[in-house]
Structures are given as structure tokens and as C-alpha cells.
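Here are some notes to read alongside the model. Have the sequence at hand as you go through the points.

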Amino acid sequence: MKRAAAILLAAAALFEVCGAGVNLLPGDPDFEREWTSYSRGTWGFPYVNDGTFFRWDRSGGYESASCVRMMKAGSLSSRPVPLPAGTYTLSGWFRAEEKPAPVSFFALPRMNSWQGIAKLVSSRRRRVGTEWTRLTYTVTTDGSKDHCVVVRNNADAPVRVDRLMINRGRTALPWEPGETDWILIKPPPSECNVYPAGEEVTVTVRLHRTSSGPAGKLLLRVEDARGKTLLSRETVPAFDEKGDFTTKIDLPRGRAGWYAVRASYPGVREELVRLAVIHRAKPLAPGCERFTAVYNLEHHRRTAALFGDLWSSRGSGIANLKQTAPPWRFPHLEELKKLKAQGRKVKFSFGVRGPAWMLDPAEKAGAAALKVPVGRLLPAENMLETAWRPIVGALLDAYGKYVDIFECSGEIDASIGCNSYYKSKEPDQCRGYYVFGSPVRRAAKQISITSEEIFRRFPGAVVSGVRPSDVDSHFHYLFCASVLRQVTTKGINSFGLDCYPRPRWIGPGRPPAGTEQQLTQRWNDASAVLKKYGSGRNIFISEYGYFIDCRELDNPHYTLAHARLYARSLLKAKALGMSSFFCFDGFGSGLEGGIYHMGIWYRNEPLPAAAAIAEAVQMVENVTVAEARPLNARSDCLLFRYADGSAGAALWSFTEHYEPEILIPADSALRFRDFLGGDLEFPQTKEGFRARLRQEPLYIRRNVPGEDNFARLKASLAGIAVNEFPAEVIFRPETLKTLKMHLVGNFAKGTRRGEAGCSTDGFTKKYPFTLQGGGTATVRLPFTLKKPLEVRVRFEGFPVTGQYRYTLGRRTWVRKIEGPLAPDGTTGGKKTIPGLLLAGSAQIAPFDHNTWTGNDDLSIRLRLGHDGKFLYITAVARDDRHFGSPDPQRPERGDCLQLAFDPLLDHLTDKPGRDDDDFVLTAALTKAGAVCRVTEGRDRPKLQDIACDISRDDQKGTTTYQIKLPLAALGPAGRSGAFFGFDFRLNDDDTGGGPDCWVFWRNTFDGKGHPERGEICLLE
């Protein structure tokens, strides 16, 4: 967050320098010199600048020579503009060419969701005639996000756009040009800035400067995915009479990978362009099916060809049907014919959503009262035979022959199982977060009808009856099994999963993201459900993705994590036996609170994940045999046999704490690549190749004609020697003066002795330890918050000394107060304690645009303080409906506040489960009154002295919690200057059927509990 704040401050400072004129838009918004200094392409998918949606037109603009001509329905977006807090007015000139046309014109926070975009497109729609007209739009910003100006042509007829402008204030001022100085980086023509390896990639950099003042130096840099500068060059520009200077710079010749080209000049906005150079995918071998798909990549056919992407995904669109009787037509599905003609394969989803005229009017009214969108409702039961069945039949007759995988429903667990309206109708049919009963029976009947119509026309079709989101993976696909159990059609033969990892977020302040190891459990659970209620073992991933913080898209620490997790997941899915893997939407952004990006491109530029997936495709396609051969419990190694007789392997470490040196037996036929496609060379001795095992996959290939490459590579992998440090070293703070160093043994048997030293005393004092095989040893080291601690660890008889650097990062201070803590943060000593505010969709789980409708529905501000004897916790929760648990012995079954404590900070793995010292308190206003009791962990006597007061204000929609916990309950951590782990979440029950969702802080409650994800708190 500090880094993001620094970026915003820098942007604001540059705004003052570069945006001092009236028109604050970047580049040339008059389009007289060229349009790319203003925009790189469209807003929304697809991000293109190939002339399909708009062109730079020199046949006449508004009182000028040139403009942008928008050819058909599509949008044009400016580059991001930093707008400090204040009010601004947009303006622009528009003219329809043939007949009046609707356009939308608005400013959009760069980190926004597709729902926000759709709302603005609708609310800002204006009609323009065939004469030039100036449109305006006023926006107020809080300064936290930069904005893009979006112009959308909502018609399929040309519209001209010219002289766009943003000025301060509520009134559009007379036109002025935009930036006087700007830099433009132009890569060679391509789609999505992706280039085939082996070709020369020369980037053109143009500096336009007309302002006065001494000339500076133009700095050009080429960086790799780790942020390392590969090439740097300074140039003193020689401007021509128009104020232009142009130069060129080459990417590293012939090397695949991901690159950033940066250009900066004093007083001018820095320019950044992202590029990927990838190896061209091999053609499909006879008898092999393409495994990988990237949603919507078929819109960029040349890039799709480089990736080898042959899959497309489409939906039925039945929910949009206007007519209530035949003939039913689906013109948007004509595209399927083109896709099939291109040789693509299609995954097609019917979903369970019907058009508005199929819904029960009473259900629509009931859902509206609970703010449940009508799109989450099932068609009325009397409509299934009379309307749904013939519509499905008509669609299949027209387009079914173009489909390769049929999905009969969408994210049914979220849309139906978590549906708060259905839960309110049948609270007695709720278990956990799901409603069972009549909604399940109706969904099962609808799926039965859909699958019957498919099999009637296509007896050998691949049909998936249900498709769960990641919600149902918490419960081993319990909800989907309950639906399939009631599907009457025999022959459901596949199971598609929306298989997002848990947690799925990558960015500061977030727990470590879930890894590919979870896919094993997903495979096992899905296989068990399909075996019981269907047939075969065709498990595929219908959606997959990681969410990366939009503010960190230029931070290699997070973009590398994003890339390696995608690559490892793709590799693991293939080794498990998944039949296909769909990476979701490579281009969308702004999800979950408007701050997370889901794709492997950002706008029309690739993130490192794009290069990582392209190289992983080289490993998983044309595979005939796949085996998992882990080197040990801390790493993975996958082995592949290919149709052409070659073989490949992928190796990686699970965690950053484990990166040992490995020795690969000598074999001159082995070839190595990094996970972004770059060729590698390792030092070779008589024994073999020495390499470092890291979290990023290492790829090995062997291809000698006439040899059994698979057997030879398998033998080499079996002979790998792992020169691992005897222990994994993990640091946890104990007090302001002591740090606990935990050593987790990497060896199975025996005893090893060693000693540690640290920089606080110049490494002169030694701290001895003894470590049992497979066990854990703890060493207490002197510690200070003022500077990083350098630690050296040495084992007797081991030649390498482990060197570590520890800095206490994120932490929360628990302030010392006098007496009780009031809900508003005031104390007996008249001190005010700041609160922790959890609000917004990014803190909601499960988040499905259904169970949570806004901060009034669920949000919380919590405060902590202590007086040396007691820990005081107060919280004010906003909750529009309150349902307390009917059972005071199980307060977690209704609205409640849950507090998780990890007093010793001693959970050292990512395996779920709490340690003996951990416990969870649940505070709830139940039917029997206020309750605060231990619901997880040991119910120790000291925890019986908890004071709790809970009050509810239905008029304000708030619940206030006040808890007084003896510090003695935290053991040694319950004294000033000590650290402990803490987390909390607020469960929300809107129907009386159990919690529908919850707002969370550090996500330690996932599954059986993950204490290691908790916040580190320090008692002042």
C-alpha cells in the first residue's frame, strides 16, 4: 500500500508538471499529429488498434484536419490520467455520418469492473446528429485512482470524434490542446504486443517537445520480468523543426521472454510498453487434442496461432430472448460457424437463467425485495416443458453441430445454492451456505431437459451437467452432487469446474495465494462426484485465474508470482489428467472492489503471465503420457512423453523458503529453459548440471531421434541429487526484543547440531541448537524493530552456511489505554483508537454478485486496545437484516463476529488446521441473548472469564459488539511488548438459514483454519 501511495503521489506531482494547462488529457486529443499518443486502443474487449473499431481519419475533423472515425460499435479510451481530488468536466465534439447515432461519453476509474462500465455506458448514452455537437460530462474524484476517458459508439454506423478535453471545474472551457510534450513508444505491428521468438523486435521511441527550456537527456531502458535492466541508453535529442525526435531500441535478439521498454525525459510523462516474445506452438499431432485455452483469444487470430489456442467458449444467450413463442432465433450464435470454419473447438454453456418472461412474477418481486438480481432466478417450473425445452431444441437444431463440449448450467452453487432469496423461502432446507429443497429439484429438472435434448440429437456428445464455482470446492462439491443426484438423464459424462485457487488474490496485505497443489483435491472430489452420478473421468477446468492487484502491475514481486502460479497450475492440471484448461479472460480488469485484475494481459499489453502460459503450453500439448515424480515433499517434478518421441520435464519448489541446489546427471542431450521461454545454460561437471530449484518452473527437454527419450529423461530425474540445506528456516517475532527462529528439518532420521549468529552483536555470539530428523527446533535471537536482522545458520559437517535477512513487515499496534474501549474508539483516558474498516466486495466471500449487495448489507469497523490486564475488542457492524442463531451453543450458525487468536505464532506450514494454543471466539446475539464462547480450539478455563455485550439497532441496521478478554488467555503473548496472531470475520445471515457470506480480514478461517495467514499484532 505504501508503494501504491508513493506512485499516486508521484503521479500527482507529474500532473502538476505535465498537466499544468487547461486540457489535462495526455498526448494529442485533437488527433492532428496522430492518435496513439492519446490512446493505445479500445476500452473493453478486444483491445485492438487495427482499424476494426476506429481509424485515424485525415478527411476532416471539427475545425481541424483530422479526427478519429469510429467505424462501428466499440469504444476508444484515453491513456490513464491522474486526477487529484476535485471536480472536472469532460468535453468533446461528435458527428454521426449517416444518421443520428447513440454514443456514450464518460470518465471511468482505471480500476473498474465490467458492471461499472456497463452502468456508465447505459447512463451516459447520448444521441448525436450529422452536424458537429459538443457533449460534456462532469465527474468528481477523490484522488485515489487515475481515470480514463471513454467514448463508446453504440451503433454499427460510423461516428466521428474530435477535440476531447478535461478541464478543472463544472463548466467546459474553450478548447485548448493537451500535453505540449510527450513520449510515444511504438513496437512493431502485432496483436497484443506478442512476437514469435527468433524474429528481430525493434521498438521505435518518439519524443515530441515544443516547450521552452534547456534540453535534457532521453533515457531508454529495457527490463526483464524481474525488473532487471538489460539495456540502458541515454541520448541527447536532436529535435526537428516540428519538435520531434525519433530513435530505436532492440529487444535482446532471439531470446524469448517478457520485456518492459521504458522511456523518460525531464518534465515529460514517462512511457512504458510491455512486450512478450514467445515460442510458436507446435501443430497438433494426430490423435491429440489441444489442452489449453485462453478466453476470447480467438479475437486475435495471429496471437492465438502463436499460443496454439484452438478453443473458444460461448454462452446460449437464452436469457436475452424477447419473444415468448417461436420462431426463436439466435443471430449472435452465427459466429459459431466462423469459429468452426477456422478449425476451432467450442465449449458452450446453456446456463439455467431464463428470459424475464419465463420467471414467476411473485419470485421476481420477492427477489427484488432482497436485492437479488433477476438473473439469479430459475425459470418458473411450468415454463420448463412449454418454453425451455423447445427453445433448447431449436438452438441445438441450428447450432449444436458446431459445439464440442456442452455445459448445462453455469456457476450453479453460487447462483442457486447461495441465493439468499431461495434461502429465505426455505430456511429449514439450508445446510451450511446452501439451500437444498425445491430450488435444487427445479434446477435438476431444467438440466435434465437440456441434457435430454442434447443426447437426443448428438448421442455421443460431451455433456457437463453442473459447473460449480470455487464456492462448492469448500464442500467437496456437495451442492453439485445434490443437483446431479436428481438429474434424470443418464449419460452426463464430464464435469467442468470454475476452479479458482483459495486464496486467489495476489498483492500487498493479502495472504499467500493458493497454489496448484489444490488441484489434486479438486480432481479427486470431482472424480468422485462424476463416478457416482455420471460416467467417465472427463474433468476439465472451465475457468481458472488469479487476481492481481491493479496497483502492482509493474511490481515484479507480484507479477512474477502471478506468472509462476498460472504456469504451475497449467502443468499440474495436465499431469493430473484434466482434459482441458481454460484460463479466464485474458483482458478484463477491475474485479472485486475495482482493484483486482484477472487476466494475463492488461489492456492490449501482455503481463509476464502471458509469456509464462505460452511456454507452459509448449510443455502440456501433444502429450501422450504424463507422470508426477516429485523430488521430495517440498517440490514437484512432472514428466511428459510427446507424440513425436521427445520428452520433457518441469521442476519447481513449493515455497520461497526451499530453494536448494540440485545436481542433474550429465546428459549432453538435455536442453533447459526458464518458465518464460528463455534458454538456459548451467555449469556442467563430470557429475552433471548444477542448478537452483526455485518457485518458477525449470523446463528440461530431450529429443534424440531413435532413442527412448522418455526413459532416458526419467532415469536422469531419478538420479537428481538435492543438495538441500538441512532445515527450512522460518522467523516469527515474539517480543520487541526477541525473535523466534524455527528450524524445520529437511532430513528424515538422525540428529544434527548447529549454531546461529546474528548481526545485532556482529555475529560474535553463537546460539547453539539440536535438530531431530523431521522435527522442529526453536532458537530465540535478539531483535530490534529499527533495522533488518542478518542471520547466519551453520550445521556441523555441512559445507554451506545459510544466510537470511529478516524485517518485520505488516503489523498492527494494539494501543495501551485506560479502562474500557467504547465502540466509537474513545477510552477512559480520552484517547481515540483508530478502527480497522472492512468494506467493499474485495473483502466478501463467497462473492457472487448475489448474497452481498453493498456496505449497508455487510461491513464492519473493529477496534483493539488493552490496559495491561484485559484486551478490549469493540466492533460496529452494518447489517441490514439480523438473524441470530436459534442455538446458543452454536452461535456461528447465524449472524456473528468471530475472532481467531494464534498466541504463539507457531503454525509453520500452509497445511490447514489450528495448533493447540490457537482458539476462535464467536460472539453473537442469539435467540437466548448475547453469547461469546470458544467455538474452535481448546476451551481453557481462563477463557471462561470473557465479558461480552452485544446490542442491535434495527432502525440503523447496526450491531455493536463489546468484548473484554483477559490477556492471560494469550499466555506469554499477553504482556506489553509481545506479539500474537489475530484475525476476525463477520458472518451474515439474511434469511435465517445460516450464514450467506462473510466479510473477512486476513482469511485465516478458510477450511480448517490457516493461522499462518493472520495479522501480527503487538501489544503496546
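1. Asparagine 193 is found in the loop that runs between β10 (182-186) and β11; strands here are DSSP runs (E) of at least two residues and helices are runs (H or I) of at least four, numbered from the N terminus. Its phi is near 55°, a positive value in a residue other than glycine. Asparagine 193 counts as buried at 9% relative accessibility (buried means under 20% relative accessible area, exposed over 50% and partly exposed in between, with a 1.4 Å probe and protein chains only).

2. Before going further, please note that this is a predicted model: local features need pLDDT of at least 70, side-chain atom pairs count only at pLDDT 80 or more, and totals for chains, interfaces and linings use all residues. Residues are numbered from 1 along each chain as its sequence is written, and side-chain values use heavy atoms, with hydrogens and water left out.

3. Arginine 163 also has a positive phi, near 50°, in a residue other than glycine. Its place is in strand β9 (residues 159-168), and at 13% relative accessibility arginine 163 counts as buried. Why mention such cases? Most residues other than glycine have a negative phi, and most peptide bonds are trans.

4. Two peptide bonds are worth a look. The one from proline 326 to proline 327 is cis, with omega near 5°, and proline 327 lies in the loop between β19 (311-315) and α4 (335-341). The bond from arginine 502 to proline 503 is cis as well, with omega near -15°; proline 503 has its place in the loop between β25 (494-498) and β26 (505-506).

5. Next comes a sheet. Five strands form an open sheet in the order β11-β17-β16-β13-β14, with mixed pairing (two strands pair if DSSP finds at least two bridges between them). β11 (194-196) and β14 (229-235) stand at the edges with a single partner strand each, so one side of each has no neighbour in the sheet. β11 and strand β17 (residues 268-278) run parallel and are joined by three bridges; in β17, alanine 276 is the bridge partner of valine 194.

6. How many aromatic pairs does a search of the whole structure find? There are 42, where rings of Phe, Tyr and Trp (its six-membered ring) pair if their centres lie within 6.5 Å, and planes under 30 degrees apart count as stacked, over 60 as edge-to-face and the rest as tilted. Phenylalanine 350 and phenylalanine 406 have ring centres 6.5 Å apart and planes at 20°, so this pair is stacked. Phenylalanine 350 lies in the loop between β20 (345-349) and α5 (361-369) and phenylalanine 406 in strand β21 (residues 405-407), so the pair ties together parts that are 56 residues apart in sequence. Phenylalanine 350 counts as buried at 3% relative accessibility, and phenylalanine 406 counts as buried at 2%.

7. Phenylalanine 870 and tyrosine 872 make a tilted aromatic pair, 6.5 Å centre to centre with 55° between the planes. Phenylalanine 870 is partly exposed, with a relative accessible area of 24%, whereas tyrosine 872 counts as buried at 7% relative accessibility.

8. Finally, tryptophan 813 lies in strand β50 (residues 812-816) and is partly exposed, with a relative accessible area of 33%. Tryptophan 813 and glycine 865 are 52 residues apart in sequence and 8.8 Å apart in space, C-alpha to C-alpha.
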